[in-house]
Amino acid sequence: MGEIVFKNICKSFGETKVIEDLNLTIRDGEFTVLVGASGCGKTTLLRMIAGIGPATSGELYIDGEEISDVPPGKRGIAMVFQNYAIYPTMTVKGNIEFGLKNRKIPKAERETLIAEVAETVGLTPYLKRKPSELSGGQRQRVALARAMVKKPKVFLLDEPLSNLDAKLRVSMRTELIELHHRLKTTFVYVTHDQTEAMSMADTIVLMDRGKIQQMASPMEIYNDPNNVFTAQFIGTPPMNIQKMKDGKHQLGYRAEKVQLSETKPDLLYARKAVVLTREMLGSETIYKLQLEEADDGSGKTAVMAKTPNLMFEVDSRVYIGVDRKDLYYFDEEGRRLRGDGISPSLEKMTAEGGES
Amino acid sequence: MYEYKKPNKKLLKVKKIVFAVISTFFKLLVCVIFAFPFLWMISTSFKTLYESLLYPPTLLPQNFTVDAYISLFEQVHLERYILNSLIILVSVTLLQVLIMVPAAYAFAKYNFKMKGVLFGAVMVAFMVPTQITFVSVFQMFSKMQLLDTLLPQIIPCICNAFGIFLLRQNFMQIPEELLESARLDEAGELKIMLKIMLPMSKSTLVTIMLLSMIGTWNSYFWPLVMTLHDSVRPITIAIQSLRNLEGGLEWPIIMAGNVILVLPVLILFFLASKKIIEAMAYRGVK
């Protein structure tokens, strides 16, 4: 099986330290998504597992075995690259077969394996074609088939859907989830798209500047973020974060928890606002609203609201309100305050808002 | 109001035809200018000596004869020279590929110490003309007592600096992911080079080989310097020496020799011209 453990991993490119002292355990059989903005080190981690971009220092284990010195082909992993990296001069069959041939698997066995995997991903009619004669989605399947046929302990996927058009991406997403259910092997999936992460992952590992910001299930990472970065990265639109009156603490609430009304609501957090823009998405409407005065007195500030309520026109004056249970508090460094960390004075400040 | 004037269709048609006629005429003219020396050469090679000296000259042979070709092989024994040329050609081409491909792969995809300096050396070798180096090369072979053999015609030519450069450029365009993917597929470096990189650079390789083959086949200066005896000389020198036959300038024989010299090059070009064009044009294979 395939449990992956990073221990005190560091990585630098020349002088630049990309990852510093990282510890991470990717659980066996899970669909783990590494997500973060570009340059956060997620692909670097993936390449370390593959053995094509070794760590500068630290230890890496698959199934309790230290693999830093094991060559890429012997690690029991398979990788799907962002640009597919299928061999353009070989046929589809040649592409799938290449790895098997290198492992000296006998021809009869190869044929069965290829037929099997081609059937699974729906490539059987295209086996004799060259990659240049295939569509983007079909090339993606070739890359998948090539990975699957090796029966690896771990699948590594580096933004495999980012070159596909929006519709295909969504359907491939479901297919990948199904594939994972069927194979029950470890999937490590890298993406910058938080929607992809939310929809596919068993566990999300959210990274920023080489550090893990939070590692949790999609539900937990959405409902219970550890810090401002996580709160703003996960969810669309990002969580509204406002500096509080003391200029230190920060207050956050999700756009989808904002309640709009014409009269002042009886909620802990209530502010006056003006509607700046309105985007109708059908089932929901996203409003961009402007508060006259931010809580910390820094002037006008914008917040987002997402609600089924579409009756407010641009420029109309409204009240925004957020329930007490939907408010998140963060300290100066952006760390989340929970339970006892939320003092009555903080809540008092929330209720008072910018009024002195 | 502005009135749309219908173009005179007939006039347009006439213009088109006139243009086509003129353009075709000039194209043909250029073709004739380029092809005429070749045709003249072929025609003369089939003439008798008497006819070749006639004034005014005849365009096509009046008495068609292959005597010139026969005497080329019976008197001059051209086949010996052809064999020498072929041995040189095949060895040079094969050895060039053997050296060029791994060198280009290393320069394109590996990082090693002194890479920049070494590649600079290759580029210098590519830029320095042979006329500058031949004296020292001559001395080297002289010291090794290898002059007047086939070896000094082969060994100094086996490193094709231009080829290394061109192939390296081509290899560099191949995305790194393909190599990584092959490494994940447990392919060794040799296999990556032969099964992934080379097939993707086939046209470039063919072009390089072709250019180098033509160069080797036509080389004159180098063998002239490095050899003394006819037994090791290539066809080019033999044909030059046709001018010094006892009977004076026998144009049909000289031209027949030139036809034989040019023929392989022409055949090669027609066989590979598609590949050459492919190599020079941008290929958008994803």
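Two strands are said to pair if DSSP finds at least two bridges between them. By that criterion, in this predicted model, β3(A) is joined by five bridges to strand β8 (residues 186-191) of chain A, and the two strands run parallel. Within this pairing, Val33(A) stands opposite Tyr189(A) of β8(A). A further parallel pairing, over four bridges, links β3(A) to strand β9 (residues 203-208) of chain A, and here Leu34(A) faces Val205(A) of β9(A).

How many of the five residues of strand β3 are buried? Five of the five residues of this strand, which spans residues 31-35 of chain A, are buried, so β3(A) is largely enclosed by the rest of the structure. Phe31(A), Val33(A) and Val35(A) point one way from the strand, whereas Thr32(A) and Leu34(A) point the other way, and all are buried. Val33(A), which stands opposite Tyr189(A), and Leu34(A), which stands opposite Val205(A), therefore point in opposite ways from β3(A), and both are buried.

**Chain A as a whole**

The secondary structure of chain A comes to nine helices and 19 strands, and its C-alpha atoms fill a box of roughly 80 × 45 × 35 Å along the principal axes. Of the 356 residues in this chain, 38% are buried. Among contacts in chain A between residues at least 6 apart in sequence, 64% join residues at least 24 apart.

Strands of a sheet pair through backbone hydrogen bonds, either parallel or antiparallel. Chain A also holds an open sheet of four strands in the order β2-β1-β4-β5, with antiparallel pairing. Its edges are formed by β2 (16-26) and β5 (65-66) of chain A, each with a single partner strand, so one side of each is left without a neighbour in the sheet. Strand β1 (residues 4-13) of chain A pairs with strand β4 (residues 57-62) of chain A in the antiparallel sense over five bridges, and Ile4(A) has Ile62(A) as its bridge partner in β4(A).

| Helix pair | Axes come within | Crossing angle |
|---|---|---|
| α3 (residues 107-121) and α4 (residues 136-148) of chain A | 10 Å | roughly 140° |
| α8 (residues 161-172) and α11 (residues 202-218) of chain B | 10 Å | roughly 170° |

With its angle of roughly 170°, α8(B) is roughly antiparallel to α11(B). Gly163(B), Leu166(B), Leu167(B) and Asn170(B) of α8(B) meet Thr204(B), Leu205(B), Ile208(B) and Ser212(B) of α11(B) in this contact, whose residues divide into four nonpolar, four polar and no charged.

For the pair in chain A, the axes cross at roughly 140°, and α3(A) and α4(A) are therefore oblique to each other. The crossing in which α3(A) passes α4(A) is right-handed. From α3(A) the contact draws on Val117(A), Ala118(A), Thr120(A) and Val121(A), and from α4(A) on Arg141(A), Leu144(A), Ala145(A) and Met148(A). By class, the contact of α3(A) with α4(A) has six nonpolar, one polar and one charged residues.

**Contact between the chains**

Chain B brings 15 residues to its contact with chain A, and chain A brings 17 residues. On the side of chain B that touches chain A, the elements giving two or more residues are α9 (176-184) and α10 (189-200) of chain B. Which element gives the most to this side of chain B? It is α9(B), with six residues. By class, the residues on this side of chain B divide into eight nonpolar, one polar and six charged.

Definitions and conventions. Residues numbered from 1 in each chain as written. Chains lettered and ligands numbered in written order. Predicted model: local features only at pLDDT ≥ 70, side-chain atom pairs only at ≥ 80, totals over all residues. Buried ≥ 20, exposed ≤ 12 C-beta atoms within 10 Å, placed from the backbone. Contact = placed C-beta atoms within 7 Å. Nonpolar A, V, L, I, M, F, W, Y, C, P; charged D, E, K, R; others polar. Axes fitted to C-alpha atoms, helices over the stretch in contact; angles between N-to-C directions. Parallel < 35°, antiparallel > 145°, perpendicular 65-115°, else oblique. Left-handed = near helix turned anticlockwise from the far one by under 90°.
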